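These are my notebook entries on a single protein chain. I record what I looked up, topic by topic.

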Amino acid sequence: MTDPLSTAAVAVGKDIATGASKGIIQTLNDIWYCAYGHKWDEKVQELRLRQTIKLEKLKKDLEQKIQVIPNENLQEPKLSVVGPALESAKFYMDENEIREMFANLIAASMNKSQADNIHPSFVEMIKMLSPLDAKNLYFLSSLQDETISKIRVEYENGGYNDIYNHIYLGNPECQDNQLMEPSIDNLIRLKLIDVSYDEYKNNDELYEKHRTNPLYLSYKKQEKEIEEQIRNILDLLNVVDQNTGNPSSDAINSIKEKLENNLKKKDIVVKKGKIQLTALGRNFCKVCL
């Protein structure tokens with residue numbers, strides 16, 4: 001009898017596998033057969049072998065972590081924690097930071113001294129973290145740099161516009177705000193950290209690195225160059241008016257007004273803020289990092 005899962009996978013592969021997509025479809029088929037145990041070929045066996053080696057490494061890592069737990073603190077782990085953690089860990093063998101967190105969580109579940117710190121949601125939280133998220137948590141908990149900032153344009157009328165948000169410089173391995181901002185958003189979403197721009201650290205010197213941040217300096221330089229170009233355009237329009245002796249048309253006046261409004265920016269500032277681990281985040285770091 002033909003297996004319906006196998007038939008479905010092959011049918012999909014034949015329908016959409018064209019050109020460069022063939023390699024991706026083959027990878028999908030390999031993973032599919034590994035997951036469901038159908039049609040073993042050399043490629044699948046190789047994939048399975050690599051997975052077995054990595055799982056064995058996870059097992060040894062766990063044994064080492066358990067061996068350092070004092071005998072009086074050893075306890076039978078909760079299946080509700082260990083079961084989902086082991087099941088999930090097999091899908092993260094290639095992501096060292098995430099795999100390590102699963103191992104730490106499993107080991108902690110066998111340690112009485114960690115019992116009060118473990119929350120059932122930790123397994124799902126780990127699954128929702130990227131390696132960058134994990135590193136941000138690590139550096140926040142270890143280096144305790146609680147400064148964060150945003151780049152804000154303030155206008156004369158009291159309005160403002162935030163150009164860059166969540167500039168966190170506490171991770172020495174990543175300073176790219178395009179990567180950092182969504183990572184911080186995710187950690188906020190998971191209630192692992194709190195970020196506020198209504199309060200900040202009392203020591204202003206801690207924010208000096210934000211004021212000398214290349215992102216801030218380059219944006220400020222760029223805005224100055226744009227303002228200079230606007231002034232040059234306005235000067236040119238005024239010279240044209242003087243030479244022709246004719247009043248500007250409504251369209252030209254409208255352009256002038258818009259250009260002049262762009263020059264009404266009050267300042268480009270570093271808006272100081274504070275980033276902190278929540279109570280849940282502190283426990284998560286104690287257990288999983």
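Is Cys174 buried or exposed? I found Cys174 buried, at a relative accessible area of 11%. I note that the model is a predicted one.

Entry on cysteines. I looked up Cys285 next, and it is buried as well, with 9% relative accessibility. I then asked which cysteine sulfur is closest to that of Cys285. It belongs to Cys288, and the distance is 8.2 Å; a disulfide requires the two sulfur atoms within 2.5 Å, so this pair is too far apart for a bond. My count of disulfides is zero.

Entry on the whole chain. I counted twelve helices and four strands in the protein chain. The chain has 289 residues, and 36% of them count as buried. For the accessible surface I noted about 17700 Å², with 52% of it belonging to carbon and sulfur atoms. I also looked at contacts between residues at least 6 apart in sequence: 75% of these join residues at least 24 apart.

Entry on helix H7. I located H7 at residues 131-143, which makes 13 residues. From first C-alpha to last, H7 reaches 18 Å, close to the 18 Å expected at 1.5 Å a residue. I listed its buried residues as Leu132, Asp133, Ala134, Asn136, Leu137, Phe139 and Leu140. What covers these residues? I found that the cover includes helices H5 (96-108), H8 (177-189) and H12 (279-288), together with strands E3 (193-196) and E4 (265-277).

Entry on H5 against H7. I examined this pair separately. The two axes come within 8 Å and cross at roughly 60 degrees. On the H5 side I noted Glu97, Ile98 and Met101, which meet Pro131, Ala134 and Lys135 of H7. Sorted by class, this contact has four nonpolar residues, two charged residues and no polar ones.

Entry on backbone angles. I kept in mind that most residues other than glycine have a negative phi. Where does Gln144 lie? I placed Gln144 in the loop between H7 and strand E1 (147-155), just after H7. Its phi is near 55 degrees, a positive value in a residue other than glycine. Gln144 is exposed, with a relative accessible area of 60%.

I then turned to Lys191, which is found in the loop between H8 and E3. Lys191 has a positive phi of about 65 degrees, although it is not a glycine. At 57% relative accessibility, I recorded Lys191 as exposed, because the cut-off for that class is over 50%.

How values were computed: Residues are numbered from 1 along each chain as its sequence is written. This is a predicted model: local features need pLDDT of at least 70, side-chain atom pairs count only at pLDDT 80 or more; totals for chains, interfaces and linings use all residues. Side-chain values use heavy atoms; hydrogens and water are left out. Helices (H or I, at least four residues) and strands (E, at least two) are DSSP runs, numbered from the N terminus. Buried means under 20% relative accessible area, exposed over 50%, partly exposed in between (1.4 Å probe, protein chains only). Contact means heavy atoms within 4.5 Å. Accessible areas come from the Shrake-Rupley method with a 1.4 Å probe; for residues, only the protein chains shown count as cover. The expected span of a helix is 1.5 Å times one less than its number of residues. Axes are lines fitted to C-alpha atoms, for helices over the stretch in contact, and angles run from 0 to 180 degrees between N-to-C directions. Ala, Val, Leu, Ile, Met, Phe, Trp, Tyr, Cys and Pro count as nonpolar, Asp, Glu, Lys and Arg as charged, and the others, Gly among them, as polar.
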